[in-house]
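Trainee: I am new to this structure and would like to learn how to read it. Could we go through it together, one question at a time?

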2 protein chains.
Amino acid sequence: MSQDASSEGDLRNTGMSLKHDREWDYELERIVEAVEERDAKRVGLQFPEGLKRRGPAVADDLRQLCDDDVTFMLSGQPCYGACDLDTYLMRRTDVFVHFGHSPMKESDKIIYVPLFSNVDPFPIMEDALDDIEGDEVGLVTTAQHMNRFEEMCDWLEERGYTVQTRKGDDRLTYEGQVLGCNYASADIPADDVLYVGGGKFHPLGLAMEHPDKNVVIADPVNNVVTIADTRKFMKQRYASVHKAMDAEKWGVIFCTKIGQGRMEIAEKILEDNDNAYLLTMDEVTPDRLRNFDMDAFVNTGCPRITTDDGPRFHKPMLTPQEYRIAVGDEPLDALEFDTFHGTW
Amino acid sequence: MSQDASSEGDLRNTGMSLKHDREWDYELERIVEAVEERDAKRVGLQFPEGLKRRGPAVADDLRQLCDDDVTFMLSGQPCYGACDLDTYLMRRTDVFVHFGHSPMKESDKIIYVPLFSNVDPFPIMEDALDDIEGDEVGLVTTAQHMNRFEEMCDWLEERGYTVQTRKGDDRLTYEGQVLGCNYASADIPADDVLYVGGGKFHPLGLAMEHPDKNVVIADPVNNVVTIADTRKFMKQRYASVHKAMDAEKWGVIFCTKIGQGRMEIAEKILEDNDNAYLLTMDEVTPDRLRNFDMDAFVNTGCPRITTDDGPRFHKPMLTPQEYRIAVGDEPLDALEFDTFHGTW
């Protein structure tokens with residue numbers, strides 16, 4: 001997702017990093033069991049950015065519980081989702097534990113520890129009811145709060161709402177779950193969608209994907225209710241598309257992260273445009289793109305790099321559809337949020 | 001090696017980036033031949049940082065020379081040597097071309113294009129003779145100038161010097177070649193070593209590895225003669241070791257780049273120290289280490305990150321031997337430059 005510390009979706013702004021260690025359940029027993037069952041000698045541990053700091057303490061606890069000959073290896077690679085497994089570490093360890101995300105794809109090798117939040121969502125949901133306009137409402141949340149999703153549904157129904165939920169597509173693990181790049185769980189008829197969770201990263205994506213819906217944010221972590229407002233982002237998108245309309249040389253970015261590759265889209269652009277060059281990389285950063293003398297970039301990887309970090313790049317960076325608009329293959333008013341489907 | 005744009009070893013400060021395209025021989029015929037021979041459909045191109053900007057033009061030329069159904073993919077990953085192959089791209093292409101370095105290890109899959117310089121080394125070598133103190137001299141250079149190494153030897157011998165050269169170990173391709181991490185080619189009896197090449201990155205490493213030698217730098221790119229002076233670096237090394245002596249929690253970095261892994265050294269530290277944690281990553285950057293709450297780091301990867309970029313990290317970063325000094329296993333005056341041997 002966003003790699004910008006100051007972006008609105010950054011975990012460090014959501015209060016998650018303020019919580020005490022003991023509030024997370026690292027499911028150590030499940031890990032120890034797998035280590036013993038597989039007689040594992042090397043165990044890889046991968047945490048998302050906001051939780052990497054907890055890694056050494058978790059490794060300590062596991063060392064206490066496992067034999068001395070088990071080596072624990074902490075991934076130092078950036079990690080922004082279950083789309084972003086450290087495949088190097090995964091392939092070289094007997095057990096690989098990915099913390100903080102739900103499975104994008106199950107595998108015997110990987111243990112996913114979702115790290116469910118123990119924050120109480122109901123007080124802030126109570127406050128959010130004022131902003132729900134109809135009596136039908138979509139309900140969505142993130143992996144961290146999935147453990148209370150059914151309770152949340154019941155709670156809304158008790159208050160007279162008809163709750164609409166969906167499982168989305170196979171990129172999503174749970175009914176009602178959203179990812180930064182996928183809001184298929186909000187493809188429901190209701191005009192109101194209630195998002196319960198920390199931060200604005202997810203609900204802003206949801207509102208961009210569903211511009212006609214009223215997206216109410218009940219944030220139990222920062223204890224605040226807001227309405228998702230995408231105007232700043234949308235202005236930036238149109239500005240980037242306009243700037244890129246003059247581009248001659250295009251860099252087409254193919255992201256090598258396991259769950260962020262869309263090669264067919266990249267290859268289609270290359271086929272149609274002799275001034276397009278395929279660039280492959282895992283992290284898509286301003287420094288890396290500055291190495292290439294291009295007029296504009298199309299990012300076929302994570303859409304949130306494009307929308308959230310876009311202004312940090314020295315040249316306009318577009319989503320694949322925005323590229324088609326910039327080169328005249330689609331009209332400007334067709335512009336919609338780039339979402340990511342499927343696994344790998 | 002160094003990832004710091006302002007470091008003394010940075011290609012961008014050596015004048016290499018000022019040269020006109022036509023001065024490099026990209027050996028396109030050799031690449032086209034391999035593409036045809038192997039009926040390749042996907043061709044990966046990897047350039048070091050200072051030359052990435054030339055990638056699209058090279059891809060253009062190759063597209064002209066190859067069938068339309070061949071896709072050229074430019075690596076956007078940072079690259080600091082032949083130790084730093086883009087293995088993702090290599091494994092997914094039929095032909096993989098690595099520009100700007102000599103082979104660390106030959107492979108059928110990889111075409112190494114060394115990009116020999118066509119700059120004339122002799123005028124600046126003439127100036128450098130004043131600083132050579134004895135009549136025996138070691139001669140070393142980098143991959144870029146290897147094409148004239150024998151001429152340089154002859155030239156020095158014609159002027160009455162006994163020239164001492166060595167091939168070093170199996171990490172090095174050529175007689176007289178140095179890498180940022182390996183100066184085995186300067187293990188010769190002479191007190192004077194003449195380095196012919198651009199920038200100070202290599203001769204500073206050489207002088208750190210061989211502190212008793214007079215290392216004369218004949219830089220034909222920037223047209224200047226200097227004597228390698230390691231005092232600034234050595235001060236920094238001692239300061240880092242002193243600071244790290246109080247450290248309790250140690251992060252032990254294992255670099256996942258194909259030619260930069262020293263797992264035995266990392267595992268030895270982990271065995272002996274219960275307060276050491278293994279961290280794995282490809283790029284070793286200040287941002288990535290800031291994620292971990294450690295008191296100090298030991299870097300078992302590229303030694304030049306430690307020596308050249310060290311001051312940019314928030315906590316002291318030591319080489320494996322400096323770690324042993326900091327924890328009291330070796331005396332302070334044993335401190336020597338960390339070099340890297342073998343391939344992968």
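Mentor: Gladly, and one definition comes first: buried means under 20% relative accessible area, exposed means over 50%, and partly exposed lies in between (1.4 Å probe, protein chains only). This is a predicted model, in which local features need pLDDT of at least 70, side-chain atom pairs count only at pLDDT 80 or more, and totals for chains, interfaces and linings use all residues. Residues are numbered from 1 along each chain as its sequence is written, chains are lettered from A and ligands numbered from 1 in the order in which they are written, and side-chain values use heavy atoms, with hydrogens and water left out.

Trainee: Let me try that definition: is A:Pro211 buried or exposed?

Mentor: A:Pro211 sits in the loop between helix H6 (201-209) and strand E8 (214-219) of chain A; helices (H or I, at least four residues) and strands (E, at least two) are DSSP runs numbered from the N terminus. Its C-alpha is 9.2 Å from that of A:Phe337, although 126 residues separate A:Pro211 and A:Phe337 in sequence. With a relative accessibility of 62%, A:Pro211 counts as exposed.

Trainee: By what turn can chain A be laid on chain B?

Mentor: The superposition is by least squares on the C-alpha atoms of residues with pLDDT of at least 70 in both copies. The RMSD is 0.0 Å and the shift along the axis is 0.0 Å, with a turn of 180°. The two copies are thus related as by a two-fold rotation axis, and the turn asked for is 180°.

Trainee: What share of the interface residues of chain A are also interface residues in chain B?

Mentor: Contact here means heavy atoms within 4.5 Å. The copies meet through the same surface, because the share of chain A's interface residues that are also interface residues in chain B is 100%.

Trainee: Which residue of chain B does A:Phe72 touch?

Mentor: A:Phe72 lies in strand E2 (residues 71-75) of chain A, and its relative accessibility of 8% counts as buried. Leaving out residues up to four places away in sequence, the residues it touches in its own chain include A:Val43, A:Leu45 and A:Cys66. From chain B, A:Phe72 touches B:Leu278.

Trainee: Which strand of chain B do the buried residues of H2(A) pack against?

Mentor: The buried residues in helix H2 (residues 55-65) of chain A are A:Gly55, A:Pro56, A:Val58, A:Ala59 and A:Leu62. They cover an arc of only 155° around the axis (taken from the directions from the helix axis to the C-beta atoms), so they are on the same side of H2(A). They pack against H1, E1, E2 and E3 of chain A and, from chain B, strand E11 (276-281).

Trainee: Which residues of H8(A) are exposed on the other side?

Mentor: In helix H8 (residues 263-272) of chain A, the buried residues are A:Met263, A:Ala266, A:Ile269 and A:Leu270. These fall within an arc of 130° seen down the axis, so they line one face of the helix. Their cover includes E10 and E11 of chain A together with E1 and E2 of chain B. On the other side, the exposed residues are A:Glu264, A:Glu271 and A:Asp272.

Trainee: How many disulfides are there over all chains?

Mentor: The rule asks for a pair of cysteine sulfur atoms within 2.5 Å. Take B:Cys79, which is buried at 2% relative accessible area: the closest cysteine sulfur, in B:Cys83, is 7.5 Å away, so it is too far for a bond. Over all chains, the count of disulfides is 0.

Trainee: Where does B:Asn223 lie?

Mentor: B:Asn223 has a positive phi, near 55°, in a residue other than glycine. B:Asn223 is also exposed, with a relative accessible area of 55%. Its place is the loop between strand E8 (214-219) and strand E9 (224-227) of chain B.

Trainee: Where does B:Asp39 lie?

Mentor: B:Asp39 is not a glycine either, yet its phi is positive at about 50°. Its relative accessibility of 54% counts as exposed. B:Asp39 lies in chain B, in the loop between H1 and E1.
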